[in-house]
Amino acid sequence: MKYEKFKSGPETDIQFLKGIGPKRAVRLNKIGIRTINDLLFLVPRRYIDRTKLVKIRDLITQTEGTIYGKVIASDVKRTKNYRDIIRIVVGDESGILEAIWFNRPDLKLTFKINQHVILSGDITYYGHKQMVNPYYEIIPEEKSDDSPFVYTGSIVPIYPLTEGLSLWEIRRPMQNAINLYLNYLNETLPKYLLDKHKFDDIRSAITNLHFPKTIEQAQNARARLVYEELFYLELILALRKLLATHEKKSRALIEKGNLTSKLLHLLPFKLTQGQNKVLHEIKTDLARESSMNRLLQGDVGSGKTVIAIYASLIAIENNYQTAFMAPTEILAEQHYLVWHERLNKIGVNTCLLTGSTKAKDKKKHLDKIEKGMIHLVFGTHALLEEKIKFHQLGLAIIDEQHRFGVMQRATLLNKGVNPDFLVMTATPIPRTLQMTLYGDLDVSILSEKPPGRKRIITRLVTNDDREKVYQFIQEKFNEMQQVYIVCPLIEESEKLDLASAIKTYEDIKSIFSNNKVGLVHGRLKSADRIMIMEEFRQHRLDILVTTTVIEVGVDIPNATVMVIEHPERFGLAQLHQLRGRIGRGVQVSYCILIGSDNKFSPAYERLRFFEKNDDGFILAEKDLEFRGPGEILGTRQHGLPDLKIADLQQDRHILFQARDDAFDLIRHDPNLTQSENNIIQKTINNKYKDRIDLASVG
Ligand code: ADP
Ligand code: MG
C-alpha cells in the first residue's frame, strides 16, 4: 500500500533505502533526514583518519590519537550522585588503555568482552593511559579478522547522529544510496565557478563527502556544499537588492531645508560628525529616483532617532508622509512624546498609533492619515493594520528593526508605492549575519557616541551584597540621580515573573521609604504607563522598578544606575540593550548585576564577559558563539535563512567568496540569461524556490 507513494528518485522515503527500514527511519527523521536525498547531503561533523592508527604503546598523552584493539574488560560504575560511568579496558599487542564515558547511560550495554573497537580521542594519563568520552566504533565480528580498514576505508566520517544510531548502521545504507542514486543528482554550479574554486562536481563531492580517500578530499567536498548553499543565498539577496533599486520610485526626495533647518535650531545640541556623515548617505539615497534601502546601525545611545526625524522631514518637505514604527508601545510613546510638540512648532503634524490607542482617537487619526493631514505617524505593529491607509507614504522607518520579522517589514512597505526605507538597530550584527540577513540593504554605521558621555561601570555581585548595593543607590539619590531596577519578565512564566516584579516594587518601597518609587510593566494600561514614564523622565520618581518593557530605546539621561535582578536569564545582546538605558548623560553610570557567584552555572562565564566588555560588536560576536545565530536576534521571526550545511562562524571565508561571486554575477548578467548561467536559473527553480518566495516579500 505504502508502495503506491513510492518514488524512484532520491526523493524516496528514507525507510525504503536498503539497510534502513522503518525503525532506523524514525531515528533519522529525528535529525531531519526524511528522504534518500537528505541522507546523501548529511554532512559529517568530522573525520577520523585511520591511516594515523597507532599502537597503544605509542599514544602520546595530551594529544589526540586513534587505536584499534579488543575489549578486555567492561563495567559500569555508579558514583555517589547516581551517575553511571561506563568503563572499558582495551588492549592491542602493545599495551592496554582505559576508556571512560560520563553521562552516557545509553552506552551501558554497548561494549562486550572480545569485541573489536576503534577508539579516538584525547589521551590523558591517570595512573595509566586513558581516553575520556572518546569517539568509538565497534567493528563487526566477521570483519575484525583482517583489518579494520577493509570495510569502511581509512577515512571515517563521523555523522551528527541521534543517540543509539551507530555509524555502523549508516555506512552500508550510505553506500547503497550512492550506488543507486548518485546518478540522479544534477550539477548545481556552473563550470566556471567550479573551476575558479577547484571544487568537485556534485557527484564526486557527494562521494568524497562520505567515502573520502584523504582528509583533503573530504574537506573540499564539504567546502563545495557550503559554498553552494551560501552562493545561492547571496544570489537571492543580490537579486532582491537589484529589484529594490531598479524599482521605479519615480520621485526624488530632495532636501529643501525649510523644515530640516528649523529642526537643527530646535535641537539642544549639534549633530556629531558621525551623524552628519550618516545623514549625508541617507540624503543621497533619498535624492535618487530609486528607493532607499538602508540599515542604520549604531550602538545603544549613539543618537539614531534624530537622524530618522531629520530624514522624515525631508520626505515631509516633499509632501510625502513618514511612518515610524517601533517594537514596543513604551518606545513608540516615547518617540511621540519627545517629538510631537517640537515638530508641531514647525508645522509638522504627528500622531501615535498603538494597540492601546482608543477606538475613537484611532478613527480620527486614520481619517487624517488618509487625507494627508498627519505628516508623521509614530506607532507599533498597529501601523500594519489593513485599515491604515496613507495619503502618500514616502518614507518608512523601523526602529529596533531586529525585533520585527520579514513579513512585517514587507507589510509596512506595502503601505506606499515603493517608499524609501530606513531601518535602525542597536543590536550590532556580526558581519557574517549582516551578509546573510541584511545582504540586500546598504549599511550606515554610526560609530561614535555624542560627546561628553562617561563610562558605564558594570559589576556582577551576589545576593550577599544587596545591602551594599542599596547603600550605593542611596548615595546616588543624594547626588540627584535616578535608578532602574530591572526584573526579568520572560514569556513562559509571565504571571510568576510579574508577581516577582511587583514584590520587588513593594520591597524597594519599604527600603527606600523616603524616596519615590514607580513600577512599570507590560500589563499596565497605556495611559498609566505613559504617566509613570513621564514622571520618571521629569524626575518626580527616583526609582523605577521595571520589567524588560524598557529594554529598547528608552532614553532618560538622568538615570545612571541600573540594577538587574536574575541577570542569568538574559542573553548578552539583551543585557547590552538594557544597559544601554544608562550612560546617556554626562555622569558615570553603574550597571549592577545581582546574580549567582556559582562558577559552574552556565551563565557565569557570560556574565563575567559582559562585566568586562561594553562594545556591542564584541558582545554580539560572543553571543553568536554562546547561543547561535537564531537566538541572537531575540525574535522567532528574524527571517534568518535556515542554513543546512554552512556554519556562519566557521565558514565565513567561504561566505565572503560566495557573496563576491554572487554579486559579481548579478552585475554582469542580471537576468541570468547567459548560457553558462542556465544552470543557475534551473537550480534556483528546482532547489531554492522556497527562499525566493521569502525574497519577494522582503
Ligand atoms: P539611540 O541611537 O540608542 O536610538 P537616541 O536617539 O535615543 O539613541 O539618543 C540618545 C540620546 O542622545 C538622546 O537623549 C539624544 O537626545 C542625545 N543625542 C543625540 N544626538 C546628540 C548629539 N549630537 N549631541 C548630544 N546629544 C545627542
Ligand atoms: Mg533608539
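Trainee: How are α9 and α10 oriented to each other, roughly parallel or roughly antiparallel?

Mentor: In general, angles under 35 degrees count as roughly parallel. In this predicted model, helix α9 (residues 273-287) packs against α10 at an angle of about 30°. The two helices, α9 and α10, are therefore roughly parallel to each other. Their axes lie 10 Å apart, and the crossing of α9 and α10 is right-handed.

Trainee: At what angle do helix α10 and helix α11 pack?

Mentor: Helix α10, which covers residues 305-317, and helix α11, which covers residues 329-345, pack at an angle of about 45°, and 12 Å separates their axes. That angle makes α10 oblique to α11. The crossing of α10 and α11 is right-handed.

Trainee: Let us turn to the ligand. Which residues come nearest to ligand 1?

Mentor: There are 16 residues around ligand 1, and those that come nearest are Gly301, Lys304, Thr305, Arg453 and Asp555.

Trainee: How many residues of each class does the shell around ligand 1 have?

Mentor: The shell around ligand 1 comprises six charged, six polar and four nonpolar residues.

Trainee: Which atom of Arg453 lies 2.7 Å from an oxygen atom of ligand 1?

Mentor: For a polar contact, one looks for a pair of N or O atoms within 3.5 Å. In the case of Arg453, a polar side-chain atom lies 2.7 Å from an oxygen atom of the ligand. Gly301 instead places a backbone N or O atom 2.6 Å from an oxygen atom of ligand 1. For Gly303, a polar backbone atom is 3.0 Å from a ligand oxygen.

Trainee: How much of the area that ligand 1 exposes when taken alone does the protein bury?

Mentor: Ligand 1 taken alone exposes 570 Å², of which the protein buries 84%.

Methods
Residues numbered from 1 in each chain as written. Chains lettered and ligands numbered in written order. Predicted model: local features only at pLDDT ≥ 70, side-chain atom pairs only at ≥ 80, totals over all residues. Heavy atoms only, no water. Near = heavy atom within 4 Å. Polar contact = N/O pair within 3.5 Å; in protein donor to acceptor, adjacent residues only side chain to side chain. Areas by Shrake-Rupley, 256 points an atom, 1.4 Å probe, with all protein chains shown as cover. Nonpolar A, V, L, I, M, F, W, Y, C, P; charged D, E, K, R; others polar. Axes fitted to C-alpha atoms, helices over the stretch in contact; angles between N-to-C directions. Helix = DSSP H or I, 4+ residues; strand = E, 2+ residues; numbered from the N terminus. Parallel < 35°, antiparallel > 145°, perpendicular 65-115°, else oblique. Left-handed = near helix turned anticlockwise from the far one by under 90°.
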